[in-house]
Amino acid sequence: MDVFLFENNIPDGFQTTGETPLVLSSDQFKNGIKSVHWRYKAGDQLKINHPIDFRPFDVTSTSMARTAFASWIYNDNPVIDQMTFQFTKDGVVKTSFKMNMGFKGWRAVVIPFETDMDGKAEVGMNGVTIIPPASVEQGSIYFDEMALGMLVDPRWPHPDYQVPFVNPTVISRPNRHWSGLLVYDSWLREFDQQKQMPATPQELDAVKEIMERIDDDLLNFDHTVKRLPTKELRKKFNNFIVTVDGNERLKPIAIWRQLDIFREAQLEKKKMKLLEKSTVPLEVAGKYMLQLAIAFHKEKNEKIKNDLRATFLTFVGHMVEQGYVRGSSFGVMHHQGYLIKEWGKALFLMRDELGPLRELARGGLSWFSGQGSMFLDKKKNTGLNVDVMNTMLQGMLFSVLLQEDEQKQVAHLRVFADWMNYSMLNHKGLEGGIQRDGSFFHHRQHYVAYGNGGMNGLTPVVYFLKNTAFEMVDEAYNILRNAVLQTRILSNDIVIPLSLSGRHPDGKQKITLTPFNYLAKIETRNGKTNPESEIAAAYLRLMSQPSMRRKKANTPFKRKLEALGVEPEDIPVGSWVMNYSSLALHRRQDWLASARGYSRYLVGNEIYRNANHFGQYINFGHLEILPSDSKKRGFKEAGWDWNRWPGTTTIHLPFDKLAAHIIQEDKFSGHERMLLSSESYSGANQLLGENAMFAMKLRGHPRHDGSFRARKSFFFFDDRIIALGSGIKNTDQAHVTQTTLFQDHLDNAQNETAIGAKVLSGLKVDEEQDTGDGVYLLDTNHNAYILPAGQKIRILRQHQNSFENEHKHPTEGDFATALIDHGKAPDNAGYEYVVLVEGGAEKAAAFVEAMGNIETAAYVVLQRDDNAHIVKDRATGIMAYALFEASDNVTHGLVSSVDTPSQIMVKEDKDRVLLSVVDPDLGFYPDGDPAHIDENGDPRVGSIYSKDWATKDPAAKIVRLVLHGEWQKKDDNPVYRILSAQKGKTEIEMTSFASTPVQMSLGR
């Protein structure tokens, strides 16, 4: 691949047919300090005689990349006409495209040969002919960063005003929020041509109030971008300067995806270094502009203010020339929202200083934030994308308010508010947004890290609009509010379980408190505490967590809430189910236990080329106990054995076999691995919000080990977690299968664990033993693991060598591990153990003793096989059923039969009974559907982004169960009814939707 940067010479083979020769010029440049300058007259052509590295797409490749032509073009003379690019083989034109030239400044094109040009590209092409607009008598063009043939990810080429024909299906792809800008802009233009209702006085007042609120927030809230002293700002300005012929010039400003295409194409290091060093990232320029804007508004000295204004306007003008305007996509566009956040804030703060640049800059912000997406047809609206919430939503609002026409401001705000409300209330399938259980979806999974960003971007906008004519409606607001509150349930010490870490299992992932701040502002407005001050109370408790105390987080807003009399909430206690995450959460005292799985709808992991290489097993029934202080959790990446997530049952593989083989699955995906199971049974149930259960059918994927099977369950009763496994089997004769109880990092080799009364320390422990009549183990946090008779356990305390998850760099560390060994190629193996959370030795010893007598045993396992796991807990009186299969003969307790694999929790009290029933199959498509499951029962090949079922809501399903005894309904829950109660049996019919537990209260 040849990339021409034009710094030292005009390459051989570049020539013009006109009289004026090509020259290197520093008048304009996109990297370094030079470009090639072509002065042409009518009839002239620019000829490039050079081999074109065109490679036809290979359907067997692990990449979807296509060969494309790429170049930056600077136009001096805007004209409604086109420039033609022809690609030839031995002088014969094989393929071509035309570029609209109605612009001034820099624009870029990245045009795939096979999909977006006219004609048919051929191997061996060796020439390019560039024909200027026919209507121009004489003109001037600059070229820079030209690649005659380079491989480009098919998701990245982007249509714009110059090349609107590129990537025509982009609006139907999962990444359309980044790439659909041209279509969005067309919707905006169409709307602006329509007559709108005049703005009311209330709406005009609302606009002023919203703008004042934004100004106050940007200038006075405790944001990451701080005001810098003027002297430091001047010094920082030098980072943006390059000296050319003795004159100071601003460096070119680039988005990282522009550079990424060259990295992906493996541009030679010297040229890549020039690109990186000679350009300024957009986000860096935007942050500096915001610092200038903040300093301008805070500054009292008029001379300094004038200097700050002048510097700011210089940047704005430079960015316009660089192509940061409406209708310019730089050839490739992806993830631009992350780069424009500070730029948009800066433009908003300096709106009254922009003068004639205001509309140009505003148009650019409108374009890059995808403002036109708010005109999306409601029939096609599947939810509010988290990337949009995080990175583009505020830019959309700012671009609306930057308009100088008040009538347009109001007209657009009406649409903006309606679009936000509809998007929040009409979330579909696994598309981005907030699920009914509070899961924050991105990449078609519950993703806390992205949810953090989404809430950080959305909640300020909700705050800006609240109590105005454009505020979010209560129903949508409550969805957001519930999701914000749910984050403090799924975390402890603001740290989240590893199973929710997505592709970043580093132990550092936390929830964000910014949304609590903004919603608390809404609910404590005008100096009065809203009767519903749950958000503010939660915020105060979270601010006092150990992780926050270490940051000395005593903010002005925290002090204000305390002055208003808001008290920190009590620590939440209870059980929660998030079945859009296949997740059970159980809290007591100040600890959190979580259990998570995956299914044919919910991916088991997210693995990228630079992240989570060893994450195959992270959701294989992962049970984690998070202590009150996150520093005491067992996980530490250095030395971690990625086979051994607590609670999981896995085949213990060498790391080279465990590491994922990454391919680009299809045109909808990137280079990643996000595998589905073929099993639909994975989820959780809870009874009265107090106790819970989790169960899953575990099945290995054919790309790892398709023979791997297991049934797994966890039952959460107060401080007890009963863990059961059955049907564990695979055909791997080379590697052992194990169930991990715990793997705890040892800060000090003398940190103690125990097996019974025997205290263990040091690093040279590797013991195997049978559990005898029952035995208990202690981990480093004094959690007790009680194992009944008949099992083989292994205890390790050792120095471990491993690899970090992103780049596979070697790591090492000391760990204590306990596991149940099922041997190689197990056939119908199983296990049983109980965790007494923070139980300690004394309580564990008493528990083991009590379990030796059926009259005093804390629980009894009534069934543990492939059909069901059934447990009766003595203290709570709850019987819990993990019914993996439908059954017309359930032989234990109240339940007689059920026609659907289910989870049931039952608590009987004399003449009353409380039940909770859930079908853990989310119901996106029926069993055996040949469109999604192949003839072997495995998921069909294709990325999660290619699955059309994921864009639709799941189907409601009818579940019927029969209970012993004759019962009557004693509540008004409309989703179930009693069909009959006679002859000693009661038949119940319930409607299951999205695996939501159905609570029932029955009486004699």
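Helix 4 (residues 201–220) packs against helix 12 (residues 386–401) at an angle of about 130°, and their axes lie 11 Å apart. That makes helix 4 oblique to helix 12, since angles over 145 degrees would be needed for roughly antiparallel. The crossing of these two helices, helix 4 and helix 12, is left-handed. On the helix 4 side, the contact is made by V207, I210, M211, I214 and L218, and on the helix 12 side by L397, F398 and L401. Sorted by type, the residues of the contact of helix 4 with helix 12 come out as 8 nonpolar, no polar and no charged.

Please keep in mind, as you look at the structure, that this is a predicted model.

Helix 3 (residues 181–192) and helix 13 (residues 406–425) pack with their axes 12 Å apart, at an angle of about 125°. Helix 3 and helix 13 are therefore oblique to each other. Here helix 3 passes helix 13 in a right-handed crossing. From helix 3, the residues L188, F191 and D192 take part in the contact, meeting K408, A411, H412 and V415 of helix 13. The residues of this contact of helix 3 with helix 13 divide into 4 nonpolar, 1 polar and 2 charged.

Here are the two pairs side by side:

| Helix pair | Angle | Axis distance |
|---|---|---|
| Helix 4 and helix 12 | about 130° | 11 Å |
| Helix 3 and helix 13 | about 125° | 12 Å |

Now for the chain as a whole. It has 21 helices and 51 strands. Its radius of gyration is 31 Å, close to the 30 Å that the globule rule gives for 1004 residues, so the chain is as compact as a globular protein of that length. Along the principal axes, the C-alpha trace spans about 105 × 65 × 60 Å. Of the 1004 residues in the chain, 62% are buried. Among contacts in the chain with a separation of 6 or more, 72% are between residues 24 or more positions apart.

S669 is buried, with a relative accessible area of 0%. Leaving aside residues up to four places away in sequence, S669 touches R155, Q664, S943 and Y945. By contrast, A469 is 200 residues from S669 in sequence, and the two are 40 Å apart in space, C-alpha to C-alpha.

Terms used. Residues numbered from 1 in each chain as written. Predicted model: local features only at pLDDT ≥ 70, side-chain atom pairs only at ≥ 80, totals over all residues. Heavy atoms only, no water. Axes fitted to C-alpha atoms, helices over the stretch in contact; angles between N-to-C directions. Helix = DSSP H or I, 4+ residues; strand = E, 2+ residues; numbered from the N terminus. Parallel < 35°, antiparallel > 145°, perpendicular 65-115°, else oblique. Left-handed = near helix turned anticlockwise from the far one by under 90°. Contact = heavy atoms within 4.5 Å. Nonpolar A, V, L, I, M, F, W, Y, C, P; charged D, E, K, R; others polar. Rg over C-alpha atoms; globule rule 2.2 N^0.38 Å. Buried < 20%, exposed > 50% of the residue type's maximum accessible area, 1.4 Å probe, protein only.
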